[in-house]
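I opened my notebook to look up a few things, one entry at a time. Come along and follow each entry with the picture beside you.

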Amino acid sequence: MDRDYFQEALHTFNGGNWYGWKTHDDSGNKIPNNKRMTYANIKIIKEGATIPSEADVNAKIQELKDEETAKANARTSGKAKLKAGEALTDAEIAALFGA
């Protein structure tokens with residue numbers, strides 16, 4: 001299953017579960033389900049929450065992707081080091097064994 005980086009990023013703001021999706025646009029037209037989960041259609045459902053800027057959300061999405069790439073790279077290099085009998089870094093150990 002593909003990761004939903006957009007929603008993962010949104011959950012990092014305002015303590016999680018603070019948003020929902022608009023079902024109708026400002027003119028009262030129903031928004032199709034496949035078009036609802038966009039930045040423009042975020043609605044606040046938790047008192048005191050604020051919508052982060054789109055730039056902040058995009059930066060968090062990139063951070064999540066970078067973390068995933070770093071973990072995959074550590075897993076790959078860790079496997080190669082194990083085969084070669086070399087010492088592993090802490091990041092490689094965590095990527096391979098979840099420690």
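**Entry 1: salt bridges**

How many salt bridges does the structure hold? I looked this up while keeping in mind that the model is a predicted one. The structure holds four salt bridges.

I began with Glu-8 and Arg-3, whose side chains meet in a salt bridge at 2.6 Å, N to O.

Next I looked at Glu-63 and Lys-60, which form a salt bridge at 3.0 Å, N to O. Both residues sit in helix 3, three residues apart, and that spacing is about one turn of the helix. Glu-63 is partly exposed, at 35% relative accessibility.

Then I turned to Lys-81 and Glu-92, whose side chains meet in a salt bridge at 3.3 Å, N to O. Which parts does this pair tie together? Lys-81 lies in helix 3 and Glu-92 in helix 4, so the pair ties together parts that are 11 residues apart in sequence. Lys-81 is partly exposed, with a relative accessible area of 21%. Glu-92 is buried, with a relative accessible area of 5%.

**Entry 2: aromatic rings**

How many aromatic pairs are there? I noted a count of three. Phe-6 and Trp-21 form one of them, a tilted pair with 5.8 Å from centre to centre and 35 degrees between the planes. This pair links distant parts of the chain: Phe-6 is in helix 1 (residues 5–11) and Trp-21 is in strand 1 (residues 19–21), 15 residues apart. Phe-6 and Trp-21 are buried.

I then looked at Tyr-19 and Trp-21. Why is this pair called edge-to-face? The ring centres are 5.3 Å apart and the planes stand at 75 degrees, so the pair is edge-to-face. Tyr-19 is buried, and so is Trp-21.

Putting the rings together, I wrote that ring pairs link Phe-6, Trp-18, Tyr-19 and Trp-21 into a cluster.

**Entry 3: patches on the surface**

Which residues form a positive surface patch? I listed Lys-71, Arg-75, Lys-79 and Lys-83. Lys-83 counts as exposed because its relative accessibility is 77%.

I also found a nonpolar patch on the surface, formed by Leu-82, Ile-93 and Phe-97. Together these three residues have about 290 Å² of accessible area. Phe-97 belongs to helix 4 (residues 90–97). With 56% relative accessibility, Phe-97 counts as exposed, because the exposed class begins over 50%.

Is Ala-95 buried or exposed? I found Ala-95 in helix 4, and it is buried, with a relative accessible area of 9%. Ala-95 and Ser-77 are 18 residues apart in sequence, and their C-alpha atoms are 9.8 Å apart in space.

My last stop was Asn-14, in the loop between helix 1 and strand 1. What is the phi of Asn-14? The angle is near 55 degrees, a positive value in a residue other than glycine. Asn-14 is partly exposed, at 27% relative accessibility. I also noted how Asn-14 sits relative to Ile-51: the two are 37 residues apart in sequence and 8.5 Å apart in space, C-alpha to C-alpha.

Terms used
Residues numbered from 1 in each chain as written. Predicted model: local features only at pLDDT ≥ 70, side-chain atom pairs only at ≥ 80, totals over all residues. Heavy atoms only, no water. Patch = residues over 30% accessible without salt bridge, like charges linked within 9 Å, V, L, I, M, F, W, Y side chains within 5 Å. Areas by Shrake-Rupley, 256 points an atom, 1.4 Å probe, with all protein chains shown as cover. Lys, Arg positive; Asp, Glu negative; His and termini not counted. Charge placed at Lys NZ, Arg CZ, Asp CG, Glu CD. Buried < 20%, exposed > 50% of the residue type's maximum accessible area, 1.4 Å probe, protein only. Helix = DSSP H or I, 4+ residues; strand = E, 2+ residues; numbered from the N terminus. Phe/Tyr/Trp six-rings, centres within 6.5 Å; stacked < 30°, edge-to-face > 60°.
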